Amino acid sequence: MASRPAVPHSPHQAVTTARAAPSTLEGSAIPLAQLRSLGRQELLEILQRARGQKALVLDTALRGLLACIVPEGTKFLRQHGVVHLCRGLHSDLSFLGPDGREDEPDHVLYFVRPSLSNMRLVAAQIKKRTAQRSKSTTSGRGGGGSMGRRGTGQGNDSSGSLGQPRYLLYFVPHKTFICEQVLADEGVLDCFAEIGECQLDLFPLDTDVISLELEASFKNCYVDGDNTMLTTVARSLQKLERTFGTIPHIKSKGTQAAIALRRFLNLKRQEYHQEQQAGISTTSTFGPAVPEIDTLVLLDRAVDFISPLLTPLTYEGIIDEFIGIHHGGIKIDPGLVGDADPKEAGGRGKGVGGLSTPASSSSLSTQRDPVTIALNSNDALYAEIRDLHLEVLGLQLNEKAMEMRQTYARVKEETRDGSLNEIHDVVKTIPALQQKYKGLNLHINIAEFLKPTTGHVRFQQRWQLERSMVEGETRYEDLEDMIAAYEPVTQVLRLLALQSLTAGGIKASKYDLLKREVVQSYGYEYLFALGNMEQVGLLRKADSQLSNVVFGSIGSAGFSSSSGTGASWTNLRRLLRLVKENVDTSVPDDIAYVSSGYAPLSVRLLQLSQNPGWAACPEIFKLLPGPMVEFTQTNVGGGRGGGAPLAVLQELDRVIGTASSGVGEGMSGGGAVPATPKGVDSTTAMAGKGGKMLPSGKKVMVVYFIGGVSFMEIAAMRFLSRQKSFPFQIIVCSTKLINGNVLVESTIENLQNQLRR
């Protein structure tokens, strides 16, 4: 049977296809396209094993990510036998052909994240489908319909709907025993002819950003104490080394980072022994002989909770804050796209430089399906303006608009007065000019759409409130006023956490009052959220004599030892120069421009890694949670993948000895491990063969955030990479791209409040 489109085309699809395209990854410091190729090959092998017609059922969290691995999208799927792309796990399985009749495929392939909720949805879907088929076949022919596993026959005859499809289940990126147990408990485990893994983990979102895109990574690891995700991190590190060579220099800070690092080293050791036993040569190297990556920095999100809680003031950060960037793109009203012809712009409302502005609020309110717009370096203008401060953004867009008007005027003049050859040359440039126009118009419309929010007095007050807290002030009355005014609960919880983190906890009398007011105003379910915030370390009582999971234990030099005075945060703020006055946002000279005065703590640590070095700053790292380790892998470029010195392994085992049982125990050890583990000479630890030198004279540093990274931090790291004094080009890797709302919402339990009216 001929292949059919997997999904129907929407009216806007042809217009927005190019704009929804994932990054081409051209110009990346390392060939990230290889990661895309590996994922593509993994998916292709699974599709080719299932011969015949196929239906794909994707977990909702994976639908938007598929394009990051297969840019061709549904075209690629159709070429390999996919005739149905089901809407997800929450809808019924339906296989209707073009004629509206049932057209059952030979195989139904599930690609899902390994979560208990997904398993229950899969089970419910299969049970309902099986019941429907049983009823249909009983009424039609009086047979079939059992829930047993189907045979391995291919069923390639034209009447595919007469046979029972084979169900195949693939966990992304790995399967877990408990998920299989849930399927068994639901009675559908035997329905699957195959249960396997599709190891799609590292999704390259842009030329300098890679993400695992694990939606619940922070909640699972920090709130629920399930560090299974750290195994995924370890496997992704193994893939990085296999692809780009053994990474010579490795640094980590934080307990979760140390656990992930230890598991990564264990995986390398296990693979080495397996190859030895199999008689495979262990003298070959991973990836290229000269490593593409020189330094890996693993950072635990708990080392710096403050940065993602603050409001970003860069263009990309603001888009994520108020629109939401998911899998490298945004969904917006078609009215903001502004695909009108440039000649029509003068007849409508005009924005900066005479370009069209967004439609009025009444027209935008018309119900239309949102369009997906990719935000990546494919758009040269976006790559240029995404890290600009809001104060500079308008001026930059105005300049670009004026340049565009002058260009169109010149084109018009040349086509009127030029020779035939000149006119021909000008005509060839028109498509590129139109593309530039549409891109500029899009960003002007988005900026205008955001302006009422960013220009509102409440936005300014919110920034001032955050800044005062960062500078060590207590603003309990303002928090009470926000609760009384029924401000969005995520904003209240963000500021509550920020106040606690910067003041060494919240004063006991105010602590109970604020908790009570939150519960009374927003509902009892937020009592669980407050408890989760306490467990994670985002919230605590100033005079509490309990160990804090984030800032060390009693008597250590961490935040919790200051008995509510906030002295440790004050010391960190001073030692790391986290707050800077009079920042020049137009020509910035410091990473603090990203928030008009606050330098992200995590990025300051990257600066310290080279000047003067982590080992030279013990007084700083003692104020931060979790162990700190740095070493050079032995036998880089010689043995099979290299490895850590024995002293490093022993030190990691010591510092995470109790951490593997959960977040609480692992992060209350207090103090920091010396940068150079015992028994390792400091000069040896920082020596060894380095990574490949880029044409710019820099080497590549991969900064891997466990628990998520914010766009404000990404902007700061891009700024740092552009500085001549910084010897690295940074590639950002993370378990998830987050902001303050995402961080706080991870602590909120999904409870149904039956008492809400």
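The model is predicted: local features need pLDDT of at least 70, side-chain atom pairs count only at pLDDT 80 or more, and totals for chains, interfaces and linings use all residues. Residues are numbered from 1 along each chain as its sequence is written, and side-chain values use heavy atoms, with hydrogens and water left out. Strand 9 is largely enclosed by the rest of the structure, because six of its six residues are buried. The second largest pocket has a volume of about 770 Å³. The count of aromatic pairs comes to 13.

- Strand 9 covers residues 295-300. Helices (H or I, at least four residues) and strands (E, at least two) are DSSP runs, numbered from the N terminus.
- Buried means under 20% relative accessible area, exposed over 50%, and partly exposed in between (1.4 Å probe, protein chains only).
- In a regular strand the side chains alternate between the two faces of the sheet.
- Thr 295, Val 297 and Leu 299 point one way from strand 9. Leu 296, Leu 298 and Asp 300 point the other way, and all are buried.
- Strand 9 pairs with strand 8 (residues 249-253) in the parallel sense, over five bridges. Two strands pair if DSSP finds at least two bridges between them.
- Ser 252 has Leu 298 of strand 9 as its bridge partner.
- Strand 13 (residues 699-706) runs parallel to strand 9, and six bridges join them. Here Leu 296 stands opposite Val 702 of strand 13.
- Val 702 also has a C-alpha separation of 9.9 Å from Leu 240, 462 residues apart along the chain.
- Leu 240 belongs to helix 9. Leu 240 counts as buried, at 2% relative accessibility.

**The second largest pocket**

- Rolling a probe the size of a water molecule over the atoms shows where empty space is left.
- The search uses a 1 Å grid over the protein atoms alone. A pocket is an open set of points where a 1.4 Å probe fits, with protein on both sides within 12 Å along at least five of seven lines. Lining residues have an atom within 4 Å of a point.
- Grid points are joined across faces, edges and corners, and a volume is the space filled by probe spheres set on the points.
- The lining of the second largest pocket holds 28 residues. Arg 113, Pro 114, Ser 115, Ala 216 and Asn 220 lie nearest the centre.
- Helix 3 (60-63), helix 6 (116-140), helix 8 (217-223) and helix 9 (229-244) each give two or more residues to this lining. Helix 6 gives the most, with four residues.
- By residue type, the lining has eleven nonpolar, eleven polar and six charged members. Ala, Val, Leu, Ile, Met, Phe, Trp, Tyr, Cys and Pro count as nonpolar, Asp, Glu, Lys and Arg as charged, and the others, Gly among them, as polar.

**Aromatic contacts**

- Rings of Phe, Tyr and Trp (its six-membered ring) pair if their centres lie within 6.5 Å. Planes under 30 degrees apart count as stacked, over 60 as edge-to-face and the rest as tilted.
- Tyr 222 and Phe 305 pair edge-to-face, at 6.5 Å centre to centre and 70° between the planes. This pair links distant parts of the chain, 83 residues apart. Tyr 222 is in helix 8, and Phe 305 is in the loop between strand 9 and helix 11 (306-309). Tyr 222 and Phe 305 are buried.
- Trp 614 and Phe 621 form a tilted pair, because their ring centres are 5.0 Å apart and their planes are at 50°. Both residues are buried.
- The charged end of Lys 251 sits over the ring of Trp 614, 5.8 Å from its centre. The rule requires NZ of Lys or CZ of Arg within 6 Å of the ring centre and within 35 degrees of the ring normal.
- Tyr 110, Tyr 167 and Phe 192 make up one aromatic cluster.

**Backbone points to check**

- Most residues other than glycine have a negative phi, and most peptide bonds are trans.
- The Val 172 to Pro 173 peptide bond is cis, with omega near 0°. Pro 173 lies in the loop between strand 4 (166-171) and helix 7 (177-185).
- The Asn 611 to Pro 612 peptide bond is also cis, with omega near 10°. Pro 612 is in the loop between helix 24 (601-608) and helix 25 (618-621).
- His 327 has a positive phi, near 55°. His 327 lies in the loop between helix 12 (315-322) and strand 10 (329-332), and counts as buried at 18% relative accessibility.
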